[in-house]
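Take a look at the structure first, then read on.

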Amino acid sequence: MTAKTPNLNRMLALEMGRVTERAAVCSALWVGRGDEKSADQAAVDAMRKELNVLDIDGTVVIGEGERDEAPMLYIGESVGTGKGPKVDIALDPLEGTTLTAKAMPNAMTVLAAAAGGTLLNAPDTYMDKIAVGGGLPAGVVDLDASPADNINSLAKAKGVKPSDITACILDRPRHADLIRAVRETGARVTLITDGDIAGVIATTDPETGIDLYIGVGGAPEGVLAAAALRCIGGQMQGRLVTQSDEQKARAAKMGVKDFNKKFELNEMASGDVIFAATGVTDGWLLDGIHHVHGGVSTHTIVMRSATGTVRRLKSFHYSTDKFK
Ligand code: VTB
């Protein structure tokens with residue numbers, strides 16, 4: 001934790017978990033129905049409603065888009081009653097709208113709260129990312145090193161062969177060379193269709209078998225993943241990928257001065273931060289929503305950087321009418 005900013009109230013961590021729970025229960029009604037838009041809207045509505053009853057003076061810094069394109073939870077929108085601490089809110093109400101629509105694994109609702117002014121205000125562009133879990137020497141991988149150097153260095157640090165390393169990469173044509181280069185080292189590649197926040201966090205959990213996350217995904221998702229790693233441990237670097245003058249202008253508007261800057265984890269999430277996520281479909285990190293005994297169960301992870309506490313909450317909701 002950096003000492004410059006005040007610690008966020010610990011109760012806020014549990015409140016954040018309640019917000020992601022509600023969003024997950026509401027969006028889960030759309031699992032497998034082929035309707036990404038409705039699934040996302042359900043999560044957005046629920047998240048906004050729950051955030052607005054919290055005693056915080058919140059500002060959305062990573063949200064559904066800019067004001068003119070997102071009617072709700074847009075960047076700059078105030079959330080909360082305005083009575084509590086000033087917090088930056090980063091959210092992805094439904095990370096994996098397609099995963100939800102197709103009932104595929106790893107869809108989750110995601111929220112981070114950080115001391116005001118401490119999260120990178122990332123534009124809605126791409127970000128080149130690399131991440132590994134905790135307990136490894138600092139700098140074991142680097143965004144500017146070749147895939148082969150990164151795999152070899154990581155294998156050495158873990159005391160295994162490169163062929164024992166598994167990298168998680170988004171399955172996109174833009175990653176064809178990267179995937180080839182990783183496989184040439186002997187390492188395995190786990191391809192995901194969406195959901196790279198889960199991909200980054202997976203590196204922190206040996207049970208997932210994922211050692212490394214690498215490749216280009218959404219910049220907002222990058223900041224949310226960084227917020228999680230600040231709490232749970234691990235290393236991550238990110239560099240914005242701007243593809244047009246229009247994107248550069250957006251980034252500049254958000255305060256980005258150097259478009260080639262390699263952001264370290266502590267620069268993407270520099271202050272006290274809370275991260276919460278609830279599973280919508282079963283995944284590496286979380287179980288999804290399950291129907292049990294006339295109600296639903298939720299599985300939520302809540303973490304705080306100030307204390308390094310990681311809580312997993314299995315909750316049962318027997319009266320889901322109130323979520324409607
Ligand atoms: C990733 C992934 C998201 O977008 O960030 C990806 O985590 C990046 O964009 O779930 P492309 O789809 O253009 O590659 C998602 O897949 C969807 O927001």
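A polar contact here is a pair of N or O atoms within 3.5 Å. This is a predicted model, where local features need pLDDT of at least 70 and side-chain atom pairs count only at pLDDT 80 or more, while totals for chains, interfaces and linings use all residues. Residues are numbered from 1 along each chain as its sequence is written, and side-chain values use heavy atoms, with hydrogens and water left out.

So, who touches the ligand's oxygen atoms?

| Side chain | Distance to a ligand oxygen |
|---|---|
| Tyr 126 | 2.4 Å |
| Arg 174 | 2.7 Å |
| Glu 221 | 3.4 Å |

On its own the ligand exposes 410 Å², and the protein buries 74% of that (accessible areas by the Shrake-Rupley method with a 1.4 Å probe). Residues around the ligand (a heavy atom within 4 Å) also include Glu 95, Leu 170, Asp 194 and Gly 218.

Now for the largest pocket, with about 570 Å³ of space. A pocket is an open set of points on a 1 Å grid where a 1.4 Å probe fits, with protein on both sides within 12 Å along at least five of seven lines; lining residues have an atom within 4 Å of a point. The volume is the space filled by probe spheres set on the points. There are 28 lining residues, and among those closest to the centre are Asp 92, Glu 95 and Glu 221. By class, nine are nonpolar, nine polar and 10 charged. Domain 1 (10–119 + 273–323) and domain 2 (126–268) both contribute to the lining, so the pocket lies between them.

Definitions and conventions. Nonpolar A, V, L, I, M, F, W, Y, C, P; charged D, E, K, R; others polar. Domains from an automatic or database assignment. Polar contact = N/O pair within 3.5 Å; in protein donor to acceptor, adjacent residues only side chain to side chain.
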